[in-house]
Amino acid sequence: MKKLVFVLFLILVVAAGAAAYFFLTDTVKPEIALSPDNAVAAPKREFTLTLKDAGAGLKNAKVIVTQGDKQVTLLDKTYALPVKTAEEKFTLEPAGLHDGPFTLVATATDRSLANFGAGNTVKLNKDVTLDTIPPRIDVLSLAHNVRQGGVGAVSFQLSEDPESAGVVVGDDFYPAFKQENGKYFGLFVFPYDMDPKDFVPKVKAVDKAGNTAYASFRYQAIPRKFRQDRINISDNFLESKMPQYYNIITDTRDNLEIYLRVNKELRKKNRAKLHDLAMATAPTMLWDKKAFLRLPNAAPKAGFGDHRTYYYNGKEIDQETHLGVDLASLEAAPVPAANSGKVVFTGFFGIYGNAIIIDHGLGLQTLYAHLREIDVKEGQDVKKGQIIAKTGATGLAGGDHLHFGVLVFGHPTSPVEWWDQHWIDDNILNKM
């Protein structure tokens with residue numbers, strides 16, 4: 001028994017010695033980073049201090065600002081337990097600084113016993129200028145007539161180069177881009193599902209310090225009523241279409257359940273992907289300023305904004321909205337690019353089956369869906385009228401046709417407007 005106690009004592013001594021050695025010999029300082037790393041800042045700008053320590057762990061983080069004789073501590077955080085990583089957020093607002101230069105010092109100390117027990121400390125010094133003046137926005141375009149489910153455009157000037165600028169509609173932000181003439185130009189959407197009384201577009205600009213400005217402009221919101229449609233889902237449809245999704249939905253082989261999840265859950269994921277693709281849009285116009293092409297000799301089979309109620313064996317099972325135009329021509333009909341641009345997506349795309357997305361710049365993109373054949377590659381530049389695919393019945397299509405969609409920053413809009421040169425001249429080009 002005494003021997004066992006002695007062995008345990010030795011183990012504890014060795015472990016304690018190893019720990020002490022580690023803490024005493026840990027000479028690696030923590031890592032520290034500040035975001036945003038701008039030379040100017042507004043009082044309400046939120047900063048994030050990111051801290052890391054690969055050794056004994058973090059003990060303390062501190063942020064102090066100094067302006068003239070004034071010194072204010074904005075952050076003083078002590079960690080009760082050692083942590084390897086931490087993020088601390090703060091603003092300059094509590095400091096009560098005036099416009100002009102000041103110094104920001106951020107420090108982080110670890111829990112090691114280096115430096116006679118004081119630990120390792122890293123320091124970040126930054127010279128910053130406080131700026132409380134928001135940018136000035138001058139809206140240049142005049143009448144803005146926007147139809148529900150359609151697109152508007154606005155041009156404006158700013159008093160300084162911004163961090164971001166564009167149009168806000170509800171909770172959505174539509175970026176604008178600076179053109180060669182120095183003006184900013186942006187497209188925005190009157191969402192098909194927004195109550196017209198809630199449609200209040202405004203130009204928004206945020207300067208590099210973080211000051212935000214808004215500007216109203218004159219607009220006319222034109223309400224629209226959309227068609228109601230009834231879709232019957234048959235067993236034959238489910239049996240022929242759902243196997244496309246077996247590698248996506250793997251936990252069931254109930255075709256009706258798969259259909260409902262595809263029509264609801266996968267549809268939402270497709271919408272999110274459309275938004276992500278739009279964020280990489282070209283900052284200039286890639287199309288030729290002429291009306292977009294329509295699938296030749298094609299009859300419309302479904303319109304934009306059609307509200308669909310789905311039935312199975314006479315029972316309502318789902319409701320969704322059709323966010324494009326379905327055009328039917330001959331089987332395997334050649335599909336032309338509606339206008340010039342760059343291909344940003346090709347492949348199987350959920351509810352749309354085999355699809356192509358072309359970026360036309362400034363957030364404007366076109367979607368070609370349910371294809372049987374794709375004849376272009378991602379990254380390829382295409383010309384207006386160039387054959388890019390053949391129509392098919394992939395995805396949730398009930399028969400051979402082209403689903404043609406027009407998107408602005410991933411938000412679906414009515415394609416009909418873009419087939420009309422008069423509308424393009426009045427509502428897009430004249431605003432530039």
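Start with the hairpin of β12 and β13. Two residues sit between its strands, and Gly 170 there takes a positive phi near 60°. Strands here are DSSP runs of E with at least two residues, helices are runs of H or I with at least four, and both are numbered from the N terminus.

A word on the source. This is a predicted model, where local features need pLDDT of at least 70 and side-chain atom pairs count only at pLDDT 80 or more, while totals for chains, interfaces and linings use all residues. Residues are numbered from 1 along each chain as its sequence is written, and side-chain values use heavy atoms, with hydrogens and water left out.

Strand β12 covers residues 162-169 and runs antiparallel to β13, joined by four bridges. Val 168 has Phe 173 of β13 as its bridge partner. On pairing: two strands pair if DSSP finds at least two bridges between them. β12 also pairs with β16, residues 202-207, in the antiparallel sense over six bridges. There, Ser 164 stands opposite Val 206.

What is the order of the whole sheet? It is an open sheet of four strands, β13-β12-β16-β17, with antiparallel pairing. β13 (172-175) and β17 (212-215) are the edge strands, each pairing on one side only. The twist averages 30° from one strand to the next. Angles run from 0 to 180 degrees between N-to-C directions, with axes fitted to C-alpha atoms, for helices over the stretch in contact.

β12 is mostly covered. Six of its eight residues are buried. Buried means under 20% relative accessible area, exposed over 50%, and partly exposed in between, with a 1.4 Å probe and protein chains only.

Next, β7. This strand spans residues 100-110, and eight of its 11 residues are buried. β4 (residues 58-67) runs antiparallel to β7, with eight bridges. Val 65 stands opposite Leu 104 in that pair. β8 (residues 121-130) is also antiparallel to β7, through 10 bridges. Pro 101 has Thr 129 of β8 as its bridge partner.

Now the three-strand sheet. This one is open too, ordered β19-β21-β22, but its pairing is mixed. The edges are β19 (228-232) and β22 (315-322), each pairing on one side only. Neighbouring strands are turned by 25° against each other on average, direction ignored. β21 (residues 306-312) and β22 pair antiparallel over seven bridges. His 307 stands opposite Thr 321 in β22.

What packs on this sheet? Helix α3, residues 255-278, touches β21 and β22, and its direction makes about 30° with that of β22. Contact means heavy atoms within 4.5 Å.

α3 has 24 residues and reaches 32 Å from first C-alpha to last, close to the 34 Å expected at 1.5 Å a residue. That expected span is 1.5 Å times one less than the number of residues. Where does α3 bend? At Val 262, by about 35°. The bend is the angle between axes fitted to the seven residues ending there and the seven starting there. Buried residues of α3 include Ile 258, Val 262, Leu 266 and Leu 274.

Last, the cores. A nonpolar core is a set of buried Ala, Val, Leu, Ile, Met, Phe, Trp, Tyr and Cys residues joined through side-chain atoms within 4.5 Å. The largest has 60 residues, and among those touching the most other members are Phe 156, Phe 188, Tyr 368 and Trp 418. A second, separate core of 27 residues includes Leu 51, Val 65, Leu 74 and Leu 97.
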